[in-house]
Amino acid sequence: VQLQASGGGSVQAGDPLRLSCAASGRTFRNYVMGWFRQAPGKEREFVSVINWSGESTYYANSVKGRFTVSRDNAKNTVYLQMNSLNPEDTAIYYCAASPRYSALADEYDFWGQGTQVTVSS
């Protein structure tokens with residue numbers, strides 16, 4: 001499956017931003033979708049995951065209560081609504097697809113190209 005992330009940008013602390021990830025090439029609904037991010041000089045880290053139907057989600061503690069993941073299987077798209085952004089959220093955000101419900105990057109077989117999110121104070 002091919003993944004195309006979009007929606008990144010430069011915002012002020014406290015602003016919201018919504019990322020999208022459009023999938024093509026294979027049956028989108030067969031894949032668990034995850035969001036990961038990588039800040040400069042840091043390891044890639046898990047952000048959120050949503051299961052095949054969208055009924056189950058899981059978040060990293062650092063974003064819990066601020067970020068919401070959702071998916072529209074009819075549109076082959078997964079979203080990450082990010083609220084109350086702070087400078088620590090600055091990173092390149094990646095969407096990824098996996099056949100397994102997991103927070104581990106190694107479980108994901110397909111990755112998007114990433115979209116930059118920059119939050120200034």
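Student: Where is S56?
Tutor: S56 sits in the loop between β5 and β6. This is a predicted model, so that placement is computed from predicted coordinates.

Student: Is S56 buried, partly exposed or exposed?
Tutor: S56 is partly exposed, because its relative accessible area is 27%, and buried would need a value under 20%.

Student: What does S56 touch, sequence neighbours aside?
Tutor: Leaving out residues within four places in sequence, S56 is in contact with V49, I50, N51 and Y101.

Student: What joins S56 and Y101?
Tutor: Their side chains make a polar contact of 3.0 Å. The two residues are 45 apart along the chain, and their C-alpha atoms are separated by 9.3 Å.

Student: N51 was on that list. Where is N51?
Tutor: N51 is in the loop between β5, residues 45-50, and β6, residues 57-59.

Student: And is N51 buried or exposed?
Tutor: N51 is buried, with a relative accessible area of 12%.

Student: What does the N51 side chain reach?
Tutor: The side chain of N51 reaches the backbone nitrogen of E55, at 3.0 Å. Beyond four places in sequence, N51 is in contact with V32, S56, R71 and Y101.

Student: What about W52, where does that go?
Tutor: W52 is also placed in the loop between β5 and β6. W52 counts as partly exposed, with a relative accessible area of 34%.

Student: Which residues does W52 touch?
Tutor: Not counting residues up to four places away in sequence, W52 touches R29, N30, Y31, V32, R71, N73, P99 and Y101. Y101 is on the contact list of S56, on that of N51 and on that of W52.

Student: Which backbone atom lies 3.0 Å from a polar atom of the W52 side chain?
Tutor: The backbone oxygen of N30.

Student: Changing topic. What are the elements of the chain?
Tutor: The protein chain has 11 strands and zero helices. From the N terminus on, the order is β-β-β-β-β-β-β-β-β-β-β.

Student: How many of the residues count as buried?
Tutor: Of the 121 residues, 45% count as buried. The chain exposes about 6,100 Å², and carbon and sulfur atoms supply 45% of that area.

Student: What share of the contacts joins residues at least 24 apart?
Tutor: It is 56%, taken among contacts between residues at least 6 apart in sequence.

Student: What does the T115 side chain reach?
Tutor: The side chain of T115 reaches the backbone nitrogen of G8 at 3.1 Å.

Student: What else is T115 in contact with?
Tutor: With neighbours within four places left aside, the T115 contacts are A5, S6, G7, G8, L19, A91, I92 and Y93.

Student: Now backbone angles. What phi does N76 have?
Tutor: N76 has a positive phi of about 55°, although N76 is not a glycine. Most residues other than glycine have a negative phi.

Student: Where is N76?
Tutor: N76 is in the loop between β7, residues 67-72, and β8, residues 77-82. N76 counts as partly exposed, at 27% relative accessibility.

Student: What about the phi of S84?
Tutor: S84 has a positive phi of about 50°, and S84 is not a glycine either. S84 lies in the loop between β8 and β9, the latter being residues 91-98.

Student: Is S84 buried or partly exposed?
Tutor: S84 is partly exposed, with a relative accessible area of 44%. That value stays below the exposed class, because exposed means over 50%.

Terms used: Residues are numbered from 1 along each chain as its sequence is written. This is a predicted model: local features need pLDDT of at least 70, side-chain atom pairs count only at pLDDT 80 or more; totals for chains, interfaces and linings use all residues. Side-chain values use heavy atoms; hydrogens and water are left out. Helices (H or I, at least four residues) and strands (E, at least two) are DSSP runs, numbered from the N terminus. Buried means under 20% relative accessible area, exposed over 50%, partly exposed in between (1.4 Å probe, protein chains only). Contact means heavy atoms within 4.5 Å. Accessible areas come from the Shrake-Rupley method with a 1.4 Å probe; for residues, only the protein chains shown count as cover. A polar contact is a pair of N or O atoms within 3.5 Å; within protein, one must be able to donate a hydrogen and the other to accept it, and residues adjacent in sequence count only if both atoms are side-chain atoms.
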